Amino acid sequence: MHSSGAGVDGARGVLAVDSTAPGAAPRGLDAFRRGWETQIGDDVFQLPAFSADTIGDFRVKGNVAKVHGAAIADLHAASATRTADAPGGDQDLVAMYIVQRGAWTLGGPPGRGEQTVPAGQFLVRHVGRLTAFETTAHLTAKFLVLPPGELKPLLGNRVITGPADSAEIRLLTALTDMIHATVADLGPAGVEATHGALIELAKAVAKGRFDDVEPRLAPALTQAAKDLADRRLADPELSPAMLARELNVSVRTLHRAFAAVGEQVATYIRHRRLQEARLALAAPSGRLSISELAAHWQFADSSHFTRTFKKHYGQTPTEYARSTGAASLPPNRHLPGHGSAESA
């Protein structure tokens, strides 16, 4: 475990933990608790007491970032975890759980039963008192602790659940990934702006919509669109319109967000497809022909692919493949609707 990046005013902190290595588990929870108390603080979230089984086998890897009164934890738990039956302790915070794999079961307040957040779902609620919870082994999840000020009035006693691939959660996930990557280097103004964007997106989750003209959200919207595009690069439907539809914004809003960070949506898609094609050309075996690459990465035909590749990299695909020392390209195999000639 290591920690770094605590701001002089306590506004930020960084904690990394890895107790998955052989022999690390018996001390893993103690190290995690010490790091949390030092870098994140019990004023943000008081860690509960855990069961004896959890204490003896705490195999968790992850990162935690603190931004003012908020904390964001990315957790990968190889072992199951369970709190003590009555963790106790008063709290006043909003908790959000975004589960990618496994399940997180939460105890409810008196008179309300347990709630399980399965893979592919999120849950957000106001917490007034520590309650019991347990997680399955092989859990991958984000856990967010948020100050109640602007969020508690929106939530009241409601528990909000939904799919983890909703537009609001996609934006929130993109923002939290950026926070993990940059928080240790942020100055006071950056911490303040980041905290504001985080609260705005948490409010959007609570309301089921977000303010698409809020300038602080442009970086998160841009990153969410890039993440989605990266997963759909070979999809013939990939376009600014498709990304905007998936993220529940107008095409104009999406273009405006990219412009705010000095980029264009279509240019990003084209460059990422060229990057993937270049990687394929350098592969030592099983490489596709020029026609097959053009078809796979959604270029109009092999001539268009070749011209675009040469304009971007200064070489044709064949010249690049030869320069890498890889074996010769396989013969072009004609695909329906695609050409086969490579032009210089």
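**Close-up views of a predicted model**

**View 1. The largest nonpolar core.** In this predicted model, the largest nonpolar core holds 65 residues. Seven of them have the most contacts inside this core: Met96, Leu146, Leu172, Leu198, Leu243, Leu254 and Phe305. Leu146 shows how such a residue is packed. Apart from neighbours within four places in sequence, Leu146 is in contact with Gly69, Ala70, Leu93, Val94, Met96, Leu151, Leu198 and Ala202. There is also a second, separate core. That core has 32 residues, among them Ala71, Val99, Leu130 and Leu139.

View 2. Thr135 sits in strand E10, which spans residues 133–135. Is Thr135 buried or exposed? Its relative accessible area is 6%, so Thr135 is buried. The cut-off for buried is under 20%. The side chain of Thr135 makes a polar contact with the side chain of Thr81, at 2.5 Å. Leaving out residues up to four places away in sequence, Thr135 touches Ala80, Thr81, Ala103 and Trp104.

**View 3. The largest cavity.** The model has two cavities of 30 Å³ or more. The largest has a volume of about 370 Å³. Its lining is made by 27 residues. Closest to the centre are Phe50, Leu75, Trp104, Phe133 and Phe143. Which elements give two or more residues to this lining? They are helix H1 (25–40) and the strands E4 (70–77), E6 (90–101), E7 (103–106), E9 (121–129), E10 and E11 (139–146). By residue type, the lining of the largest cavity divides into 22 nonpolar, three polar and two charged.

**View 4. Two histidines with positive phi.** Most residues other than glycine have a negative phi. His68 has a positive phi of about 55 degrees, although it is not a glycine. His68 is found in the loop between strand E3 (60–67) and E4. With a relative accessible area of 26%, His68 is partly exposed. His138 also has a positive phi, near 60 degrees. His138 lies in the loop between E10 and E11.

**View 5. The whole protein, for orientation.** The protein has 12 helices and 12 strands. Of its 344 residues, 47% count as buried. Consider the contacts between residues at least 6 apart in sequence. Among these, 73% join residues at least 24 apart.

Terms used
Residues numbered from 1 in each chain as written. Predicted model: local features only at pLDDT ≥ 70, side-chain atom pairs only at ≥ 80, totals over all residues. Heavy atoms only, no water. Core = buried A, V, L, I, M, F, W, Y, C linked by side-chain atoms within 4.5 Å. Buried < 20%, exposed > 50% of the residue type's maximum accessible area, 1.4 Å probe, protein only. Contact = heavy atoms within 4.5 Å. Helix = DSSP H or I, 4+ residues; strand = E, 2+ residues; numbered from the N terminus. Polar contact = N/O pair within 3.5 Å; in protein donor to acceptor, adjacent residues only side chain to side chain. 1 Å grid on protein atoms, 1.4 Å probe; cavity = no way out; pocket = protein on both sides within 12 Å on 5 of 7 lines; lining within 4 Å. Points joined across faces, edges and corners; volume = space filled by probe spheres on them. Nonpolar A, V, L, I, M, F, W, Y, C, P; charged D, E, K, R; others polar.
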